[in-house]
Amino acid sequence: MRETTAERWARRSVLTLLTLFVLVPLYVMVSSSVKPLQDVQNAFTWWPRRPTVDAFVDMWSTVPLGRYLVNSLVVSSVAAVLSVAVAIFAAFAVSRYRFRGRGLFSVTVLSTQMFPGILFLLPLFLIYVNLGNATGIQLYASRTGLIVTYLTFSLPFSIWMLVGYFDSIPRGLDEAAQVDGAGPLRTLFQVVLPAAVPGVVAVTVYAFMTAWGEVLFASVMTNEGSRTLAVGLQGYSTQFNVYWNQVMAASLVVSMPVVAGFLALQRYFVAGLTAGAVK
């Protein structure tokens, strides 16, 4: 069907509005980051009258941004890797084998997504504190505890996504590998996983982004030494002032690695997410 002139202009108008909806806030963030604090606090201007990069220098000393950045990278990366590693084995078992309790396991994994995260906040807090008092294993206010917490969010969805993607891989590949003498683990690592790279990348990106931007648990389960970026950016707001230009500068700097990684893996992410979601 040919697109009419009215439909074409309607499509262009909608796309233009959506583009402005995304770019205008981004431009305000960039322009505010190169303004002195006094100019940001005064009446808004679209163009900086006195451009400066002082905010990009001062933001590292106003709060320990470098430590927050390292904490976020460590917690998000380890949580994503562990989530994917466990999900691969669980999803392979659910997808390729028929065992007692398989249906119950799948329903249980999926049903965990129905509960709000705040429901688990107090139980996890009490478990971490009591475990530390009883055994000396300090999970509260530590990176390890935050990693375990984020696994409870990302692991169920990761398993569900990978099950759908593994189901889309022909079982004939497994049978051919078995004829050649390959066992279950060899079949998984040499046959199934190479064909499931887009799905694995999609799950990894999802798990990483879930941990990277989480605020609720990070604000309760961390202290000054283990605080992540999502919570640490609040440090630019003091009792007497809010350093808006440094907030904008810090937001831009910490977003660049994530945006660059997402763009580099975009084609894998879209393919894996689509294939896993339709099963």
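Q: Why does Arg49 count as exposed?

A: The model is predicted, with local features requiring pLDDT of at least 70, side-chain atom pairs counting only at pLDDT 80 or more, and totals for chains, interfaces and linings using all residues. Residues are numbered from 1 along each chain as its sequence is written, and side-chain values use heavy atoms, without hydrogens and water. A residue is buried under 20% relative accessible area, exposed over 50% and partly exposed in between (1.4 Å probe, protein chains only). Arg49 has 59% relative accessibility, and therefore counts as exposed.

Q: Why does Asp39 count as buried?

A: Asp39 has a relative accessibility of 8%, and therefore counts as buried.

Q: How many salt bridges does a search of the whole structure find, and which residue pairs with Arg96?

A: The search finds 5 salt bridges. Arg96 pairs with Asp174, with the closest N and O atoms 2.6 Å apart. Arg96 lies in helix 4 and Asp174 in helix 8 (residues 171-179), 78 residues apart. Both Arg96 and Asp174 are buried.

Q: What makes Glu224 and Arg227 a salt bridge, and why does Glu224 count as partly exposed?

A: The side chains of Glu224 and Arg227 meet at 2.9 Å, N to O. Glu224 counts as partly exposed because its relative accessibility is 36%. Arg227, at 23%, therefore counts as partly exposed too.

Q: Why does Ser226 count as buried, and which side chain makes a polar contact with its side chain?

A: Ser226 counts as buried because its relative accessibility is 4%. Ser226 lies in the loop between helix 11 (216-220) and helix 12 (229-232). A polar contact is a pair of N or O atoms within 3.5 Å; within protein, one must be able to donate a hydrogen and the other to accept it, and residues adjacent in sequence count only if both atoms are side-chain atoms. The side chain of Asn223 makes such a contact with that of Ser226, at 3.1 Å. A polar atom of the Ser226 side chain also lies 3.3 Å from the backbone oxygen of Ala141.

Q: Which residues of the largest nonpolar core touch the most other members?

A: A nonpolar core is a set of buried Ala, Val, Leu, Ile, Met, Phe, Trp, Tyr and Cys residues joined through side-chain atoms within 4.5 Å. Ile88, Leu162 and Phe166 touch the most other members among the 22 residues of the largest core. Helix 4 (65-96), helix 7 (143-167), helix 9 (184-195) and helix 10 (197-212) each give two or more residues to this core.

Q: Why does Leu17 count as exposed?

A: Leu17 has 60% relative accessibility, and therefore counts as exposed. Leu17 lies in helix 1 (residues 5-33).

Conventions
Helix = DSSP H or I, 4+ residues; strand = E, 2+ residues; numbered from the N terminus. Salt bridge = Lys/Arg side-chain N within 4 Å of Asp/Glu carboxyl O.
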